[in-house]
Amino acid sequence: MTLLAPEKVSSRLSHAVNDSLVLTMRHLRHIPRIPELLVFSIVQPIMFVLLFAFVFGGAIQVAGGGYRSYLMAGIFAQTVAFNGASTGVGLAEDMAKGLIDRFRSLPMARSAVLAGRTLSDLLRTVLILIVMSVCGLAVGWRTHTSALSITGGFLLLLLFGFAMSWIGAWIGLIVPSTEVANTAGFIWLFPLTFMSNAFVPIQTMPSWLQTVVAWNPISATVQAVRTAFGNTGVAPTRGFWPLEHAAVVSVGWSIVLIVGFGVLAVRRYRTASSR
Amino acid sequence: MGVAIRAEGLVKRYGSVVALDGMSLQVEEATVLGLLGPNGAGKTTAVRVLTTLLDPDSGTAEVAGFDVRRHPDEVRRRIGLSGQYAAIDEYLTGRENLQMVGRLYHLGKAHSRERAAELLERFDLVDAGDRIAKTYSGGMRRRLDLAASLVASPPVLFLDEPTTGLDPRSRLGMWDVISGLVRDGTTVLLTTQYLEEADRLADTIAVVDHGRVIASGTADELKSQVGGDRLDLVVTAGSPLETAAAVLSAICGVAPTVDQHSRRLLGPVAGGAGTLIEAIRLLDEAGVGIDDLALRRPSLDDVFLSLTGHHSEDETVAPTSRRQRRQAERSTS
């Protein structure tokens with residue numbers, strides 16, 4: 001059982017890729033047919049950009065003064081994190097409708113339903129990041145680095161979003177209903193995103209909290225993205241190791257989360273039951 | 001003729017609730033087994049085990065020659081499942097749903113497209129084929145769901161309450177489709193709460209209660225197990241029920257069951273039509289007014305009542321929600 005012939009492994013792998021792509025297509029077809037979903041997942045980050053830029057922006061002082069530049073990396077990270085939670089809602093819905101039962105009764109790869117959904121959510125995130133960037137440019141956000149560095153920043157965000165998607169997938173499979181997925185999937189994201197350097201400089205917090213914040217994967221990601229966009233002049237790392245090596249730490253966190261929650265979610269999927 | 005489905009001693013517990021309590025069954029190729037029982041009897045759990053969705057605590061099951069636990073993928077390649085809920089993607093068209101399932105059975109792009117077109121034709125969904133399934137009626141969704149389970153032309157088909165919630169016309173249509181499949185050689189295991197449905201579709205019926213098969217056989221065998229014909233008498237209002245009961249006792253040899261409310265008496269009889277004539281004569285002599293008198297074969301409901309002590313429609317308590325099951329699971333672990 002444990003030793004598989006090489007051709008069997010390769011046919012399994014090609015099935016897994018095929019099945020994942022078939023399901024990715026399924027979700028991409030949904031996008032134009034449920035336009036409300038895309039519209040609202042774009043409206044929310046735009047709303048945050050405007051709220052923070054105009055409402056809180058005046059009250060929050062960052063050295064150098066460019067709060068809107070400081071803010072954008074934070075809003076980007078928050079948005080990709082929240083998109084991860086919607087992965088879970090979608091899965092919980094498939095479960096409630098009995099679709100997961102159908103998929104589980106088919107001779108398809110056990111990882112495909114999850115991979116198809118996280119991949120299509122990743123593509124949706126690309127779309128959302130494009131719209132947000134335009135919105136950011138409109139309120140005065142500017143990058144100050146090479147195209148390569150900027151691309152790197154966006155790739156970091158997408159990788160992190162993909163990791164958050166796998167956490168969302170796992171939550172979507174363990175909750176008893178779509179309604180619970182809707183709250184359980186999002187509620188923990190508020191402390192996660194706010195207890196970070198996304199919206200306010202870390203030095204304004206009590207020192208014990210600074211340590212927690214420094215190790216928050218959101219902080220590393222935000223710090224790395226700020227560096228990549230050239231928006232960091234104003235965000236000191238205050239000697240915290242994870243912030244000084246932000247890009248490596250962000251990638252590390254993402255990989256650990258993808259593998260860890262990938263294993264948990266697929267294991268859960270194997271025994272998932274609709275009712 | 002081979003055996004398409006074989007289950008032996010299946011046990012599945014959710015905490016203190018026993019969903020399957022040593023269920024065994026066998027289905028010959030190209031026949032229909034009707035799993036008949038009330039809600040919570042374990043029918044759906046049995047289907048979930050046989051379709052590899054659920055691991056039993058103990059017991060073995062083989063479908064299309066493969067063990068469901070050791071070779072689940074081989075089993076999945078050979079089965080179709082259509083559940084109680086139409087498991088289709090509402091935002092895909094009927095055609096896209098069927099093509100997607102074909103691709104997931106690894107039929108290839110071209111073949112999946114062909115199969116989708118064939119099935120839309122067969123299930124009278126051609127006109128609706130390119131509309132998203134959200135716009136379909138309940139009957140259409142059920143047909144699409146059944147079509148999806150047939151994409152890979154599986155030799156073994158599991159239908160979990162295929163007509164629950166359908167209007168009478170859609171139900172008749174569904175019955176025709178299922179009968180057609182069996183004629184073409186498909187083995188079907190279907191669960192139902194409807195005695196009429198089992199009677200109509202199933203070659204063999206397994207009566208399930210509390211996670212176990214308590215009787216099985218053809219509809220006729222089950223009926224004869226309950227006994228012979230019954231004399232079914234409805235007495236006119238105003239006529240004394242006691243007198244009628246006394247007359248029936250004399251004919252049947254035992255006291256008949258009396259339903260005061262509907263003024264109905266039932267008693268077993270051995271003789272044929274002659275008994276009916278004798279009954280009319282004796283009742284008339286005793287001055288009992290007759291609203292209705294008939295000799296009838298026992299129904300499957302009678303079978304159920306005599307086997308389980310309750311009617312088939314009575315609900316038994318079982319954990320039906322995911323949360324309840326999970327709580328039950330947790331309490332044992």
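User: Which residues is A:N231 in contact with, leaving aside its neighbours within four places in sequence?

Analyst: Contact means heavy atoms within 4.5 Å. On that basis A:N231 touches A:S69, A:W141, A:R142, A:H144 and A:R226. This is a predicted model: local features need pLDDT of at least 70, side-chain atom pairs count only at pLDDT 80 or more, and totals for chains, interfaces and linings use all residues. Residues are numbered from 1 along each chain as its sequence is written, chains are lettered from A and ligands numbered from 1 in the order written, and side-chain values use heavy atoms, without hydrogens and water.

User: Which of these partners has a side chain joined to that of A:N231 by a polar contact?

Analyst: A polar contact is a pair of N or O atoms within 3.5 Å; within protein, one must be able to donate a hydrogen and the other to accept it, and residues adjacent in sequence count only if both atoms are side-chain atoms. The side chain of A:W141 makes one with A:N231, at 3.0 Å. A polar atom of the A:N231 side chain also lies 2.9 Å from the backbone oxygen of A:R142.

User: Is A:N231 buried or exposed?

Analyst: Buried means under 20% relative accessible area, exposed over 50%, partly exposed in between (1.4 Å probe, protein chains only). A:N231 has 4%, so this residue is buried.

User: And how much of chain B is buried?

Analyst: Of its 333 residues, 49% count as buried. The C-alpha trace of chain B spans about 80 × 50 × 40 Å along its principal axes.
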